[in-house]
Amino acid sequence: MSDMDDMDDGSGIIKKFMFLNRKAPHGTVYALEGLEVVLITAAFDQDVSLVFTDDGVFQLMKGIDTKGIEVKDFSKTYRALEGYDIEKLYVDQASMDARGLTEDDLIVDVTVLSVDEMANLMAEQDVVISF
Amino acid sequence: MQFGILVNEGPYSHQASDTAYLFARTAIEKGHKVPRVFFYHDGVYNASRLATPPQDDRNVGARWSKLAADHGVDLVVCVAAAQRRGITDGVLGDNFRISGLGQLVEMGIQYDRLVTFGD
């Protein structure tokens with residue numbers, strides 16, 4: 001990202017932003033372009049949470065190799081999120097179960113939440129953006 | 001109330017831009033403020049002035065331009081998404097401008113609600 005220096009909207013307000021990643025990493029551009037928004041939001045010093053649900057859990061899967069489909073592999077970015085102070089990563093238990101995934105299959109440390117826990121977390125947010 | 005609006009899909013192939021427009025227009029009619037609409041993903045195609053839809057159909061881009069002219073709505077197109085898709089200053093419709101994702105984040109920080117239209 002080129003414009004990752006600290007940004008400021010001048011208000012000093014810090015809000016809770018949740019990014020809801022619902023789609024597979026490839027096939028559509030949503031995951032890639034969604035990540036760009038996540039990084040910019042962190043640069044504004046906002047309180048950022050990332051949620052991976054539905055096919056979005058595949059974004060964090062180990063062993064992604066995009067050579068065969070000739071598109072950019074951006075999965076390394078998820079491992080770099082810590083460097084941007086983005087440490088709140090959550091995955092939906094039911095989405096993992098439905099796809100036969102466990103935490104061991106993922107490239108980063110996450111907190112696994114039940115539907116009820118996810119609903120509570122969502123209710124705490126000021127802004128929820130879904131990609 | 002101040003509403004920020006995020007449009008994530010292009011015109012015609014998807015209803016998102018139509019619904020976002022109707023939401024924005026209605027919110028303004030009801031006395032709310034819509035200071036800015038941000039166009040992301042294929043939503044940047046809404047900004048093209050090169051679109052010439054059939055006369056008996058709505059003109060999605062022109063409708064946004066008019067809303068901006070009538071009510072001072074700031075129509076912002078994401079620069080990174082626009083560059084990927086060939087949307088440049090040279091093809092922008094009236095009252096659209098190209099800027100960075102910071103303009104989207106600012107809507108989330110400053111307005112009462114951020115409403116997303118897309119899949």
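How many bridges join S2(B) to strand S3 (residues 74–78) of chain B? Four bridges do, and the two strands run parallel. This is a predicted model, in which local features need pLDDT of at least 70, side-chain atom pairs count only at pLDDT 80 or more, and totals for chains, interfaces and linings use all residues. Residues are numbered from 1 along each chain as its sequence is written, while chains are lettered from A and ligands numbered from 1 in the order in which they are written.

**Strands of chain B**

- Helices (H or I, at least four residues) and strands (E, at least two) are DSSP runs, numbered from the N terminus.
- Strand S2 (residues 33–39) of chain B is largely enclosed by the rest of the structure, because five of its seven residues are buried (20 or more other C-beta atoms within 10 Å of a residue's own, with C-beta atoms placed from the backbone).
- Strand S1 (residues 2–7) of chain B runs parallel to S2(B), joined by five bridges; strands pair if DSSP finds at least two bridges between them.
- B:Gln2 has B:Lys33 in S2(B) as its bridge partner, and B:Val37 stands opposite B:Leu75 in S3(B).

**Crossovers in chain B**

- S1(B), helix H1 (residues 16–29) of chain B and S2(B) form a right-handed β-α-β unit: with the strands pointing away from the viewer, the path from the first strand over the helix to the second runs clockwise.
- From S2(B), the chain passes through helix H2 (residues 60–71) of chain B to S3(B), in a β-α-β crossover that is right-handed.

**Where the chains meet**

- In chain A, 19 residues are in contact with 15 residues of chain B (C-beta atoms, placed from the backbone, within 7 Å).
- H1(A) gives the most to the side of chain A that touches chain B, with six residues.

How values were computed
Contact = placed C-beta atoms within 7 Å. Buried ≥ 20, exposed ≤ 12 C-beta atoms within 10 Å, placed from the backbone.
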